[in-house]
Amino acid sequence: MRKFALALALAAGISSGGSTAFAQGWIDTWAAAPQPVWGPDFLAPLGYPRNLWDQTVRQVARVSLGGTQVRITLSNEYGDQPMVVGEARVALHDEGAGIQDGSDRKLTFSGQDSITIPAGAAVVSDAVDLDVPALGSVAVSLYFPDVTPTSTVHSDGRQTAYIVAGNKTADVEIETDNTTLSRLFLSAIAVDAPENARAIVTFGDSITDGDGSTADANTRWPDILAERLQEAGGVPTAVLNEGISGQRVLADRMGANALARFEEAVLSHPKVETVIFMMGINDIGWPDSVLDPKAVAPEAEDIIAGYKQIIARAHDHGIRIIGATLTPFDNAFAGGPLEGFYNPDKETVRLAVNDWIRTGGGFDAVIDFDEVVQDTANPGKVLPAFDKGDNLHPNDAGYRAMAQAIELDLLDRD
């Protein structure tokens, strides 16, 4: 879906007068995976308005790598009609809905102040000069003049976005009580790349997406990994979070399956050297629960076959892929509407999948997240100090332990 965006990226390097930046190349420094809106037959509520009309949305994102020039990607991937963006601006974030005075930059698209994004397409803005520090936060403000269905989102954004009536994209402060923790249409932020810069994609489900982490705190394990890499110095490294809560290897629902999404999640990003892949617990847990009651429960061999496909495609493009073990889920969602996510037979599948990740030899390296967060006194359970409270998702402390357990040398090419 980003092929159209690539064509506009070429235009961005020419029309903005940014030939120096174009020669240096670009690297995505932040990402949020586009998702469709799920239908009314799915139990999860929508945390965002069904549509926007004559409204501004200001979204905050903490980048991994810094740069001196910026551009953004907007996605209408799941829209079924053209989408008009009346105005777009980027600035350094201050606090809450505020931006740093004097940092505001108007964005153009192929030299135009506004753009109509075709259904199913993505567009890239022209470059603007803006000094963004590593691990700094930017605010992207988008104005939608027409009735605009929120058809392309990232549901579990874990960051407050501010929605206000009228075109307030240039306002330093926005006064509104209308907020959402979801991402709306914004799918990537790029900076001008140092020549030796590289990107690492974390490709996973809700445990990569950060379910259980504190909103607005940037405490997902990929966030903390980015902090560690920045502190360590060395090769400039972007960490891109391509997690989707509910993601499965073999089936759709809260997003396309991993095999279908690999090109967009990994190959669409420039300068990717390594993928950290952690996925499969939803393939195991969803069948026989209200999430997907009619699904046929996969065997371990089915999930492993999906892994082998992902590994082969990464290797075909010269990308290293590191497998992360599936974390414990004994008693997950017990007593709630998602009862049935766990049972002993499903645990047998998880253990078999983890055994293959560790010993099967398919991945270039392994990160044993299962070992990191497991309660050694109660194998198969998350350590209480690391548990969000649902026996599945880590809390901030659990995510920090996961990120700290990653040996940074493991991320380097041999």
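This is a predicted model: local features need pLDDT of at least 70, side-chain atom pairs count only at pLDDT 80 or more; totals for chains, interfaces and linings use all residues.
Me: What makes Phe329 and Phe341 an edge-to-face pair?
Reply: Two values decide it. The ring centres are 6.0 Å apart, and rings pair if their centres lie within 6.5 Å. The planes stand at 80 degrees, and planes over 60 degrees apart count as edge-to-face. So Phe329 and Phe341 are a pair, and the pair is edge-to-face. A search of the whole structure finds 14 aromatic pairs.

Me: Which parts does the pair of Phe329 and Phe341 tie together?
Reply: Both residues lie in the loop between strand S22 (320–324) and helix H8 (344–359). The pair therefore ties together parts that are 12 residues apart in sequence.

Me: Why does Phe329 count as buried?
Reply: Its relative accessibility is 0%. Buried means under 20%, so Phe329 qualifies. Phe341 stands at 1% relative accessibility. That value is also under the cut-off, so Phe341 counts as buried.

Me: Which residues do ring pairs link into a cluster?
Reply: The cluster holds Phe203, Phe262, Phe277, Tyr307, Trp356 and Phe363.

Me: Why is Asn331 called partly exposed?
Reply: Asn331 lies in the loop between S22 and H8. Its relative accessible area is 37%. Buried means under 20% and exposed means over 50%, with partly exposed in between. The value of 37% falls in between, so Asn331 is partly exposed.

Me: What stands out about the phi of Asn331?
Reply: Most residues other than glycine have a negative phi. Asn331 is not a glycine, yet its phi is positive, at about 70 degrees. Asp54 also has a positive phi without being a glycine, here of about 50 degrees.

Me: Where does Asp54 lie, and why does it count as partly exposed?
Reply: Asp54 is in the loop between strand S3 (51–52) and S4. Its relative accessibility is 34%. That falls between the 20% and 50% cut-offs, so Asp54 counts as partly exposed.

Me: What makes S20 and strand S23 edges of their sheet?
Reply: The sheet is open and has 5 strands, in the order S20-S19-S21-S22-S23, with parallel pairing. S20 and strand S23 (365–367) each have a single partner strand, so one side of each is left without a neighbour in the sheet. Neighbouring strands are turned by 25 degrees against each other on average, direction ignored.

Me: How do you know that S19 and S20 pair?
Reply: Count the bridges. Strand S19 (residues 198–204) and S20 share 5 bridges, in the parallel sense. Two strands pair if there are at least two bridges between them, so S19 and S20 count as paired. Ala199 stands opposite Ala238 in S20.

Me: How do you know that S4 and strand S15 pair?
Reply: S4 and strand S15 (residues 161–165) share 5 bridges, in the antiparallel sense. At least two bridges are needed, so S4 and S15 pair. Gln59 stands opposite Ala161 in S15.

Me: Which sheet holds S4 and S15, and how many strands has it?
Reply: An open sheet of 6 strands holds them, with the order S8-S7-S12-S4-S15-S16 and antiparallel pairing. Its edge strands are strand S8 (105–107) and strand S16 (179–180), each pairing on one side only.

Me: How many cavities of 30 Å³ or more does the structure hold?
Reply: There are 3. The largest has about 270 Å³ of space and is lined by 23 residues. Trp30, Ala31, Arg220, Asp223 and Asn241 lie nearest its centre. The elements giving two or more residues to this lining are strand S1 (26–31), strand S4 (55–62), helix H4 (221–232) and strand S20 (237–241).

Me: What makes up the lining of the largest cavity by class?
Reply: That lining has 9 nonpolar, 8 polar and 6 charged residues.

Me: Which residues line the second largest cavity?
Reply: They are Asp205, Ile207, Met278, Met279, Ile281, Leu326, Thr327 and Leu392. By class, 6 are nonpolar, 1 is polar and 1 is charged. About 40 Å³ of space lies inside.

Methods:
Residues are numbered from 1 along each chain as its sequence is written. Side-chain values use heavy atoms; hydrogens and water are left out. On a 1 Å grid over the protein atoms alone, a cavity is a set of points where a 1.4 Å probe fits but cannot get out, and a pocket is an open set with protein on both sides within 12 Å along at least five of seven lines; lining residues have an atom within 4 Å of a point. Grid points are joined across faces, edges and corners, and a volume is the space filled by probe spheres set on the points. Helices (H or I, at least four residues) and strands (E, at least two) are DSSP runs, numbered from the N terminus. Ala, Val, Leu, Ile, Met, Phe, Trp, Tyr, Cys and Pro count as nonpolar, Asp, Glu, Lys and Arg as charged, and the others, Gly among them, as polar. Rings of Phe, Tyr and Trp (its six-membered ring) pair if their centres lie within 6.5 Å; planes under 30 degrees apart count as stacked, over 60 as edge-to-face and the rest as tilted. Buried means under 20% relative accessible area, exposed over 50%, partly exposed in between (1.4 Å probe, protein chains only). Axes are lines fitted to C-alpha atoms, for helices over the stretch in contact, and angles run from 0 to 180 degrees between N-to-C directions.
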